[in-house]
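Please view the sequence and the structure together while reading.

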Amino acid sequence: MGGIMGSFGARHPYDRSAEPPVDGEQEQGWNEDADPETVARTILLDQLSMTARTRHELEQRLARRRVPEEIAERLLDRFEEVGLVDDEAFARSWVESRQRSRGLARPALAVELRRKGVDDDTVREVLAEVEPDDERATARALVQRKLRSMRGLEATVATRRLVGMLARKGYGAGLAYAVVREELEAARVEGAEELDARAGAEWAGDHD
């Protein structure tokens with residue numbers, strides 16, 4: 001492993017003009033004598049220096065750069081051996097990030113992960129770690145946040161919009177309707193309490 005890390009850890013001096021052109025492009029300075037393995041290694045390191053990527057994404061990138069398939073496979077195998085490419089770790093990080101930033105539910109996350117080439121077994125394993133209670137709490141927070149901009153709407157209109165919002169984020173109809181009903185009722189009670197408090201304050205003011 002030390003030898004592998006040594007060969008990948010240090011960047012080789014490399015002119016980007018030596019990369020093969022993307023399909024349809026003619027990049028000035030492309031050197032037909034460039035070593036394909038050096039080109040492929042540099043592409044991989046450049047891609048991974050920007051953000052974590054799945055093996056599938058990297059395979060696509062190398063294919064677009066016309067790296068021979070056998071070289072791409074060999075290098076990607078080595079990158080996996082030393083932990084530079086790890087689809088399971090990528091999937092966990094992706095799920096955490098997308099839950100936090102977008103509030104996505106497991107079905108929507110599964111679609112995104114499969115689109116990035118994560119295999120079905122890994123998708124199922126990672127998403128099985130998501131707690132249903134956490135997902136429900138996320139749905140509730142989404143509804144509460146959206147409700148702030150929906151004051152004055154009829155309950156049926158608000159329900160339709162809120163359930164639609166949750167559905168687009170991957171939440172099932174049963175959970176979506178339950179959370180929306182609960183939050184609309186809580187908002188109604190809170191609104192009634194605010195009106196009662198306001199009326200009480202006005203009454204007290206009139207009798208000072």
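This is a predicted model: local features need pLDDT of at least 70, side-chain atom pairs count only at pLDDT 80 or more; totals for chains, interfaces and linings use all residues.

## Helix 2 against helix 4

Helix 2 (residues 36-50) and helix 4 (residues 69-81) have axes that come within 10 Å and cross at roughly 45°. Helix 2 is therefore oblique to helix 4, and the crossing of the two is right-handed. Two packed helices are described by the angle between their axes and the distance between the axes.

On the helix 2 side, the contact involves Pro36, Glu37, Ala40, Arg41, Leu44, Leu45 and Leu48. These residues meet Ile71, Arg74, Leu75, Leu76, Arg78 and Phe79 of helix 4. By class, the residues of this contact between helix 2 and helix 4 comprise nine nonpolar and four charged, with no polar ones.

## The buried side of helix 3

In helix 3 (residues 55-64), the buried residues are Arg55, Glu57, Leu58, Arg61 and Leu62. Because these residues cover an arc of only 160° around the axis, they lie on the same side of helix 3. The elements that cover the buried residues of helix 3 include helix 2, helix 4 and helix 5 (87-102).

Just after helix 3, the backbone has a positive phi of about 65° at Arg66.

## Helix 3 against helix 4

The axes of helix 3 and helix 4 come within 11 Å, and their crossing angle is roughly 150°. An angle over 145 degrees counts as roughly antiparallel, so helix 3 is roughly antiparallel to helix 4. The crossing of helix 3 and helix 4 is right-handed.

Helix 3 contributes Arg55, Leu58, Glu59 and Leu62 to this contact, and helix 4 contributes Ala72, Glu73, Leu76, Asp77 and Glu80. The contact of helix 3 with helix 4 contains five charged and four nonpolar residues, and no polar ones.

Leu76 of helix 4 is listed in the contact with helix 2 and in the contact with helix 3. Arg55, Leu58 and Leu62 are among the buried residues of helix 3, and these residues also take part in the contact with helix 4.

## Thr159 in helix 9

Thr159 is located in helix 9 (residues 155-168). Its relative accessible area is 18%. Buried means under 20% relative accessible area, so Thr159 is classed as buried.

Apart from its neighbours within four places in sequence, Thr159 is in contact with Tyr177, Val180 and Leu184.

Notes
Residues are numbered from 1 along each chain as its sequence is written. Side-chain values use heavy atoms; hydrogens and water are left out. Axes are lines fitted to C-alpha atoms, for helices over the stretch in contact, and angles run from 0 to 180 degrees between N-to-C directions. Helices (H or I, at least four residues) and strands (E, at least two) are DSSP runs, numbered from the N terminus. Angles under 35 degrees count as roughly parallel, over 145 as roughly antiparallel, 65 to 115 as roughly perpendicular and the rest as oblique. A crossing is left-handed if the near helix is turned anticlockwise from the far one by less than a right angle, and right-handed if clockwise. Contact means heavy atoms within 4.5 Å. Ala, Val, Leu, Ile, Met, Phe, Trp, Tyr, Cys and Pro count as nonpolar, Asp, Glu, Lys and Arg as charged, and the others, Gly among them, as polar. Buried means under 20% relative accessible area, exposed over 50%, partly exposed in between (1.4 Å probe, protein chains only). The arc is that of the directions from the helix axis to the C-beta atoms.
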